[in-house]
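User: I'd like to go through this one with you, side chain by side chain. Could you take my questions one at a time?

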Amino acid sequence: MSASAKPSQATITIEGSNTTAVLPLLSGTLGPQVADIRKLQAQAGIFTFDPGYGETASCESKITYIDGDEGVLLYRGYPIAQLAEKSTFLEVAYLLMYGDLPNAAQFEEFNHGVTMHTMLHEQIRRFWEGFRRDAHPMAVLCGVVGAMSAFYPDSVNINDAREREISAFRLIAKIPTITAWAYKYSIGQPFMYPRNDLSYAENFLYMMNAVPAESYRKNPILERAMDRILILHADHEQNASTSTVRLAGSTGANPFACIAAGIAALWGPAHGGANEAVLKMLGEIGDKKNIPAFIAEVKDKSSHTKLMGFGHRVYKNFDPRAKIMQQTCYEVLGELGIKNDPLLDLAMELEKIALDDDYFVSRKLYPNVDFYSGIILKAMGFPTTMFTPLFALARTTGWISQWMEMIEDPQQRIGRPRQLYTGAPQRDYVAIAARA
Ligand code: CMC
């Protein structure tokens with residue numbers, strides 16, 4: 001092996017025996033090599049132990065690349081900052097799904113393909129009557145997206161490439177309608193039907209904010225901010241919800257069911273629920289004078305309190321999305337004329353203190369994308385319960401692209417992790433009268 005060539009294999013030797021396993025080392029285009037352990041059990045009789053799969057590559061993918069130490073995020077090779085500045089969400093959706101940026105004709109066809117699917121089957125409207133008015137919109141999203149397979153049976157054959165594509169169009173096109181209707185229902189306003197003459201982001205803002213009694217006024221700065229938020233959240237490699245979509249998809253489940261599973265996984269506060277949790281946390285802190293006591297509580301492990309919007313499983317330097325979001329945050333607040341918002345002041349003070357505090361610095365805990373997105377969305381008038389649904393809306397594009405890649409992957413098998421069993425060894429049944 002020459003000095004610059006990458007090693008091709010690693011060897012594991014079982015202590016006290018002659019058993020060895022030779023593991024091929026696989027190389028991607030970027031990132032560290034990975035040891036192929038598929039023959040490990042056959043060669044050495046052992047499995048690997050990796051709770052949370054933090055050290056395990058679960059699949060091969062060409063969609064998104066993250067370098068957590070360097071703060072790099074690439075969609076199909078393009079840096080997120082360039083896409084956020086120069087592209088649009090639907091163009092990014094095309095990029096994620098098909099692998100390259102579209103030319104003008106390809107984009108027109110894709111745009112048409114997606115926008116022709118923005119309406120929901122009229123009977124789906126009736127679902128809402130069954131939900132309580134105070135239902136969390138994520139519960140509505142899970143339910144309605146899961147139910148889509150009952151309404152669109154002509155695109156659930158996962159072995160047909162065209163049906164897969166139509167399902168992808170339907171999901172990307174209808175998720176804004178479902179999300180906006182979940183909001184409208186919660187405030188008792190009439191549902192607004194999609195408008196295909198508006199951009200993807202503007203149509204969503206229209207369905208959220210317009211009412212039939214008033215004419216709707218567009219705001220290009222808020223449209224751009226919305227589009228940027230969607231781009232930044234569109235995909236993020238093999239995170240918990242994407243892995244859930246892939247795992248559900250590996251069984252052959254239909255795409256609507258798989259995306260509903262992804263929505264469920266996204267809901268948790270450690271993942272997509274974090275932007276909502278940031279605002280809840282700021283509300284609980286209430287005043288700048290309470291920050292030191294709150295920080296002390298966060299550092300006290302027995303309290304189980306986390307500084308929401310800080311830290312990331314992969315980014316251990318900075319979250320590149322957070323930088324763009326911070327800038328968008330100031331643009332939106334400027335446009336809306338918000339200068340002395342107490343919650344924003346509190347957030348900025350918290351950010352300053354945490355970035356200076358050894359607890360956070362030594363653990364490499366930096367503000368993540370959700371720290372700022374929560375603040376922007378609040379300023380744009382979204383209630384906190386809508387934050388995670390918005391994340392789901394954006395991520396649907398990433399999920400469906402990852403699902404399509406998985407279905408087309410010849411290496412794809414049903415996802416079936418193993419375990420380290422620590423329960424009782426085999427024992428015999430004892431009749432109830434004889435038990436102590
Ligand atoms: N506040 C206080 N302490 C923290 C935090 C936090 N937000 N995050 C991590 N730590 C501590 C953790 O307790 C551990 O301390 P110690 O070494 O003393 O035991 C240390 O930092 C290292 O943490 P870790 O185990 O490397 O973190 P993780 O990779 O298991 O967790 C995380 C990542 C995102 C779940 C976690 O940082 C967290 O809960 N953050 C708050 C929730 C949040 O903002 N989530 C949004 C993530 S970005 C959106 C997305 O991509 O889903």
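User: Let's begin with glutamate 331: what is its relative accessibility, and is the residue buried, exposed or partly exposed?

Analyst: Bear in mind that this is a predicted model, where local features need pLDDT of at least 70, side-chain atom pairs count only at pLDDT 80 or more, and totals for chains, interfaces and linings use all residues. Residues are numbered from 1 along each chain as its sequence is written, and side-chain values use heavy atoms, with hydrogens and water left out. The classes go by relative accessible area (1.4 Å probe, protein chains only): buried is under 20%, exposed is over 50%, and partly exposed is in between. Glutamate 331 has 37% relative accessibility, so it counts as partly exposed.

User: Which residue forms a salt bridge with glutamate 331?

Analyst: A salt bridge here needs a side-chain nitrogen of Lys or Arg within 4 Å of a carboxyl oxygen of Asp or Glu. For glutamate 331 the closest N and O atoms are 3.6 Å apart, and the partner is arginine 228.

User: How many residues apart in sequence are the parts that this pair ties together?

Analyst: Helices here are DSSP runs (H or I, at least four residues), numbered from the N terminus. Arginine 228, buried at 9% relative accessibility, lies in helix α9 (residues 220-232), while glutamate 331 lies in helix α14. The pair therefore ties together parts whose separation in sequence is 103 residues.

User: How many salt bridges does the structure hold, then?

Analyst: Another one is within helix α15 (residues 342-356), where glutamate 349 and lysine 352 are 3 residues apart, about one turn of the helix. Their closest N and O atoms are 3.5 Å apart; glutamate 349 is partly exposed at 22%, and lysine 352 is exposed at 56%. For the structure, the count of salt bridges is 13.

User: Over the face of which residue does arginine 195 lie?

Analyst: Arginine 195 is partly exposed, with a relative accessible area of 30%, and forms a salt bridge with aspartate 197, the closest N and O atoms being 2.8 Å apart. That aspartate 197 is exposed, at 56% relative accessibility. A charge sits over a ring if NZ of Lys or CZ of Arg is within 6 Å of the ring centre and within 35 degrees of the ring normal. Arginine 195 lies at 5.1 Å from the ring centre of tyrosine 206.

User: And which ring does lysine 323 lie over?

Analyst: Here the charge is at 4.2 Å from the ring centre. The ring whose face lysine 323 lies over is that of phenylalanine 318.

User: On to ring pairs: what is the angle between the planes of tyrosine 98 and phenylalanine 110?

Analyst: Rings of Phe, Tyr and Trp (its six-membered ring) pair if their centres lie within 6.5 Å; planes under 30 degrees apart are stacked, over 60 edge-to-face, and the rest tilted. By this rule there are 17 aromatic pairs. Tyrosine 98 and phenylalanine 110 are one of them, edge-to-face with 6.0 Å centre to centre and an angle between the planes of 85 degrees.

User: Which helices does that pair tie together?

Analyst: The two parts are 12 residues apart in sequence. Tyrosine 98 is partly exposed at 34% relative accessibility, whereas phenylalanine 110 is buried at 3%. The helices are α3 (residues 89-98) and α4 (residues 104-115).

User: Last topic: where does UniProt place the feature "active site"?

Analyst: The unreviewed UniProt entry gives two positions, in the numbering used here; the feature name is shortened, and annotations may be inferred rather than shown by experiment. They span 59 residues in sequence, yet no two of their C-alpha atoms are more than 10.5 Å apart, so they gather at one spot. One is in the loop between α13 (291-299) and α14 (320-335), the other in helix α17 (residues 369-379). UniProt's positions are His312 and Asp370.

User: Is aspartate 370 buried or exposed?

Analyst: The relative accessibility of aspartate 370 is 5%. Leaving aside neighbours within four places in sequence, aspartate 370 is in contact (heavy atoms within 4.5 Å) with residues including His233, His271 and Phe391. Aspartate 370 counts as buried.
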